[in-house]
Amino acid sequence: MLINFEGIDGSGKSTQLTRAVAWLTSIKYDVLLTREPGGTAAGEKIRDLLLDPNSHLSGRAEYLLYSASRAQLVEEILLPHLRKPRAIALVDRYADSSTVYQGAGRELGVEEIEAVNVFVTGNLTPDLTLYLDVDYETSVARRAATGAAPDRLEQNPREFFEAVRQAYLDLCYRHPTRVKKIDARANEDEVFAQVKAAIAGHLPV
Ligand code: TYD
């Protein structure tokens with residue numbers, strides 16, 4: 001089973017992922033946690049290039065670099081893991097991030113990007129996608145609370161993030177069986193209760 005966690009920067013994905021790993025491990029699943037961009041040696045180098053505020057990348061170049069990192073992750077890490085018994089792979093972002101950030105945010109076209117994503121991933125589609133929904137103000141406040149300097153993507157203006165959020169909401173509407181919206185403005189425990197319920201509903205009996 002492959003599950004990706006999605007949301008705008010500052011939605012609290014990392015905290016929820018850590019808790020999901022602990023819970024699934026405690027009920028004896030073989031859990032792999034990885035992230036995009038990155039997750040492999042080549043992918044981490046690509047990640048540095050992508051997040052460096054000094055990189056000047058066109059929208060298409062940016063998309064292809066995310067895709068290169070993703071293609072490597074699928075072959076080197078995800079597919080071998082998913083062949084094991086009781087395997088669950090949790091990914092901090094996957095192809096949906098490209099659909100919304102590059103397709104909508106960078107205006108490359110949501111449907112065009114979705115079509116190329118099928119090639120990039122060899123059609124490895126998540127069984128479940130958890131979209132952690134927060135408004136722009138909440139995401140900015142949470143990012144500020146971490147004290148970290150904004151990366152290249154986080155330096156985008158409000159309109160960029162509003163477009164990305166709207167594209168995530170559209171994704172829930174277009175793929176209602178796969179993509180579940182989680183109200184991530186609530187406190188950590190309440191959000192985790194939603195995360196747990198959504199995953200539990202997909203676990204094999
Ligand atoms: P990261 O630090 O992993 O995300 P977060 O801040 O949510 O923990 O940074 C990844 C950045 O890359 C994030 O701003 C979203 C962006 N991104 C894309 O634009 N397209 C993609 O396909 C992926 C995977 C990420």
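1. A charge sits over a ring if NZ of Lys or CZ of Arg is within 6 Å of the ring centre and within 35 degrees of the ring normal. In this predicted model, the charged end of R86 sits over the ring of Y29, at 4.0 Å from its centre. The ring of F161 likewise has a charged end over it, that of R143, 4.8 Å from the ring centre.

2. The model is predicted, with local features needing pLDDT of at least 70 and side-chain atom pairs counting only at pLDDT 80 or more, while totals for chains, interfaces and linings use all residues. Residues are numbered from 1 along each chain as its sequence is written, and side-chain values use heavy atoms, leaving out hydrogens and water.

3. Rings of Phe, Tyr and Trp (its six-membered ring) pair if their centres lie within 6.5 Å; planes under 30 degrees apart count as stacked, over 60 as edge-to-face and the rest as tilted. This rule gives five aromatic pairs. One of them joins W23 and F192 edge-to-face, with 6.5 Å between centres and 85 degrees between planes. The pair links distant parts of the chain, 169 residues apart: W23 lies in helix 1 (residues 13-26) and F192 in helix 8 (residues 188-200). Helices (H or I, at least four residues) and strands (E, at least two) are DSSP runs, numbered from the N terminus.

4. Y131 and Y168 form a stacked pair, because their ring centres are 4.6 Å apart and their planes are at 20 degrees. Y131 belongs to strand 4 (residues 128-133) and Y168 to helix 7 (residues 158-174), 37 residues apart.

5. Both Y131 and Y168 are buried (under 20% relative accessible area, with a 1.4 Å probe and protein chains only). W23 and F192 are buried too.

6. Ring pairs also link Y101, Y136, F160 and F161 into a cluster.

Conventions
Buried means under 20% relative accessible area, exposed over 50%, partly exposed in between (1.4 Å probe, protein chains only).
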